Amino acid sequence: MEDDYTNSLEEALRASVVPGDGDVESGLRPKNLDDFIGQPRVREQLKLVLESAIQRGSAPDHILMSGPPGLGKTSLAMIIATELGTALRMTSGPALERAGDLAAMLSNLVEGDVLFIDEIHRMARPAEEMLYLAMEDFRVDVIVGKGPGATSIPLDVAPFTLVGATTRSGALTGPLRDRFGFTAHMDFYDPSELELVLTRSARILGVDLQGKAAHEIARRSRGTPRIANRLLRRVRDYAEVRADGIVTVDVARAALAVYDVDEVGLDRLDRAVLGALVRGFNGGPVGVSTLAVAVGEEPGTVEEVCEPFLVRAGMIARTPRGRVATAAAWEHLGLTPPEGLLYGSLEVRAVEPAAESG
Ligand code: ADP
C-alpha cells in the first residue's frame, strides 16, 4: 500500500517528463549559474553563499531548495557542484529506507563533495536521524548488532555539502530544517522568463521557433520550465509531421489543442480538480483527500503537483476548512460564480472594500 502510494507519487512528480525524453531533458539543463534563467533572488543569494565559501576555501553551508516539481532544483544542485568544482552524488529520500543506505552513501564521500538528496522530506526516520549528526559534526554512529549486545561504531565522514530538494518544505521536521544554513525558495517563472528558456532549448534542439510561438507556449507552461520544454518538444513533433517543421504561432496553438493544454495552460488533471471542486462540491470548502478521491488521484499528487499552480493562478484558495474555488475558477469553467462568493478575482477583492467604506 505504502509502496503503491510511493510509486504513484513518484510517477506523478515525474509525469511531466515523457518517457524517452529523459536524455533530451538532461541536454537542456543549464550548466552554470549564468546559464540559469529566472529566479533572480535565489541566484543572487546562492552566488554569495558559493563565492564566499570559495574565498574561504571551505565547503559552503548545507542548502535546502523548496518548490513545486520542474522549477530547476535538480539543475541547481548540479550547478552548485560545477561552480564549486566538486563531484555531485545523487540520491533521493525514498531510496534511503534504512540508516545503512545513508551510511554507505556518506562513507563514500570525498572532502568537498556535494550530496544531493531529492524529495528529502520522504526519507525514513532512522536515516534522517543519522543525517543530523553527519550534517553537524561530519560523523555517523553505525549500530552493529541488535538488542543488549548492539554496539555503536563512530565513523568519520569527509566534510561535504548537503543539498536537499523538497516539494513540501512543511513536511520537513524542525531539526532537519534547522540544520540547513540557507533555504532557496523557488517560485513559478514569469512567461517572459519561460520565453527565454524556450528560445534557449529551441537553439539546443535545432527547432525553428518563431517569437510569437515562443510567447504562446511560455504563457501556457504553468510557470514551469520542465513543462515549457516538454510542450516545445510536442509542438516540434506536430510541426514536423503536420507542417513544414517551422513552429509558428498557429502551429503552436494547434499542437497545444491536440495535447489538451487549455488557454491558461491547465492540463487534464488541473481541469478535473477544478471541475470536481466546482461541480462536485459546489465550490467547497473540501479537504484535499476528498478532492483527490473525486478525481481518482493520490492526495500527494493533487497537493504537490496541481494545487500550487492553481493557487498561484488565483483559482483555488486554501482555507482552514479546506479548498475553495474562487470566482476565477467558476469563470474558467464557463460557469457563473454563486452570489456572495467570498473568494473572487483579485480585482473584485481590491475594489469592493474600498467602495463600501469610501
Ligand atoms: P526539479 O528538480 O525542480 O523538478 P529540474 O532541475 O529537474 O527541476 O528541471 C527540469 C527541467 O527544466 C531541466 O531539465 C531543465 O531543462 C529545465 N530548467 C529548469 N530550470 C531552468 C532554468 N532556470 N533555466 C533553463 N532551464 C531550466
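The paragraphs below describe the fold elements, the nonpolar cores and the cavities.

This is a predicted model, in which local features need pLDDT of at least 70 and side-chain atom pairs count only at pLDDT 80 or more, while totals for chains, interfaces and linings use all residues. Residues are numbered from 1 along each chain as its sequence is written, and side-chain values use heavy atoms, with hydrogens and water left out.

The protein contains 16 helices and 11 strands, taken as DSSP runs (helices H or I, at least four residues; strands E, at least two) numbered from the N terminus. Of its 358 residues, 47% are buried, that is, under 20% relative accessible area with a 1.4 Å probe and protein chains only.

The largest nonpolar core has 68 residues, among which Leu 76 and Leu 209 touch the most other members. Such a core is a set of buried Ala, Val, Leu, Ile, Met, Phe, Trp, Tyr and Cys residues joined through side-chain atoms within 4.5 Å. Helix H10 (residues 225-242) gives the most to this core, seven residues. A second, separate core of 23 residues includes Leu 64 and Tyr 132.

The largest cavity is lined by 26 residues, with Arg 29, Gly 70, Leu 71, Gly 72 and Ser 75 nearest its centre. Here a cavity is a set of points, on a 1 Å grid over the protein atoms alone, where a 1.4 Å probe fits but cannot get out, and lining residues have an atom within 4 Å of a point. Helices H2 (22-28), H4 (73-84), H8 (191-205) and H10 each supply at least two lining residues.

Technical notes. Buried < 20%, exposed > 50% of the residue type's maximum accessible area, 1.4 Å probe, protein only. 1 Å grid on protein atoms, 1.4 Å probe; cavity = no way out; pocket = protein on both sides within 12 Å on 5 of 7 lines; lining within 4 Å.
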